[in-house]
Every structure is written in C-alpha cells, then in structure tokens.
Amino acid sequence: MKDPPDSIAELRNLGPKSAERQSAVGIETPEALLETGSVLACKILKLRFPRDFNRRFLYALEGALQGLHGTDCSTEEPARLSALASGPLELG
C-alpha cells in the first residue's frame with residue numbers, strides 16, 4: 001500500500017461504519033489493517049459482529065489493502081481468500 005490514508009474510513013471500499021467496527025476490535029489505522037491482513041481482520045470482526053461481516057466484506061478489505069475495488073480481485077483471489085477465511089481463527 002503506497003502512502004495510506006490517515007484513517008481506515010478513507011480507504012477504498014471502506015467507510016465510517018467499518019472503521020468504527022475495526023476500531024472496536026483494535027484495528028485503528030490503515031497500517032494496523034495492513035499488518036493484520038484482510039483474512040485475520042475479517043475473522044476477528046466476524047467473531048465480534050457475526051451478522052455484519054461476510055465474504056463480500058473480506059473482498060472489500062483485501063481490495064482496500066490493494067487499492068482496488070473489492071470486485072476487481074483476480075479470478076483466483078476470491079477463492080483463495082474464502083479458503084483462508086473458512087479455516088480456524090489463528091492468532092499468531
């Protein structure tokens with residue numbers, strides 16, 4: 001990610017509500033999101049807010065990290081992300 005915005009809400013695909021939810025789980029900056037990664041961030045958010053986060057949000061997070069729209073991922077990327085996200089939550 002080149003010169004990330006100052007807040008998560010300014011990242012592509014994301015906004016104030018997702019930034020607020022991410023802050024609630026300790027992901028407060030674009031750098032923290034990049035360090036956490038889209039898959040782990042989505043798993044953590046889904047545990048805390050089970051009705052609000054799904055595969056589409058996972059793609060939006062990954063797109064935000066890549067500077068792409070969530071639907072602009074390569075054809076292999078959604079399958080790879082979904083496979084990773086379906087596994088157990090591993091904090092490491």
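Guide: The following dialogue takes up a serine, a nonpolar core and the aromatic rings in turn. Please bear in mind that this is a predicted model.

Visitor: Where is the place of S38?

Guide: S38 belongs to helix α3, which covers residues 38–48.

Visitor: Is S38 buried or exposed?

Guide: Buried means under 20% relative accessible area. The value for S38 is 4%, so S38 counts as buried.

Visitor: With which side chain does the side chain of S38 make a polar contact?

Guide: The partner is the side chain of E62, at 2.5 Å. Leaving out residues up to four places away in sequence, S38 touches E62 together with L58, L61, L65 and L81.

Visitor: Which residues does L58 contact, leaving aside its neighbours within four places in sequence?

Guide: L58 meets S38, along with V39, C42, L81, S82 and A85.

Visitor: Which residues of the largest nonpolar core touch the most other members?

Guide: This core has 19 residues, and those with the most contacts to other members are I8, L11, L14, L33, F57, L58 and L61. Two or more residues each come from α3 and from α4, the latter spanning 55–66. The largest share, six residues, is given by α4.

Visitor: How many aromatic pairs does the structure hold?

Guide: A pair of aromatic rings is described by the distance of the centres and the angle of the planes. In this structure the number of aromatic pairs is zero.

Visitor: Which residue lies over the face of F49?

Guide: That residue is R21, placed 4.3 Å from the ring centre of F49.

Methods. Residues numbered from 1 in each chain as written. Predicted model: local features only at pLDDT ≥ 70, side-chain atom pairs only at ≥ 80, totals over all residues. Heavy atoms only, no water. Phe/Tyr/Trp six-rings, centres within 6.5 Å; stacked < 30°, edge-to-face > 60°. Lys NZ or Arg CZ within 6 Å of the ring centre and 35° of its normal. Helix = DSSP H or I, 4+ residues; strand = E, 2+ residues; numbered from the N terminus. Buried < 20%, exposed > 50% of the residue type's maximum accessible area, 1.4 Å probe, protein only. Polar contact = N/O pair within 3.5 Å; in protein donor to acceptor, adjacent residues only side chain to side chain. Contact = heavy atoms within 4.5 Å. Core = buried A, V, L, I, M, F, W, Y, C linked by side-chain atoms within 4.5 Å.
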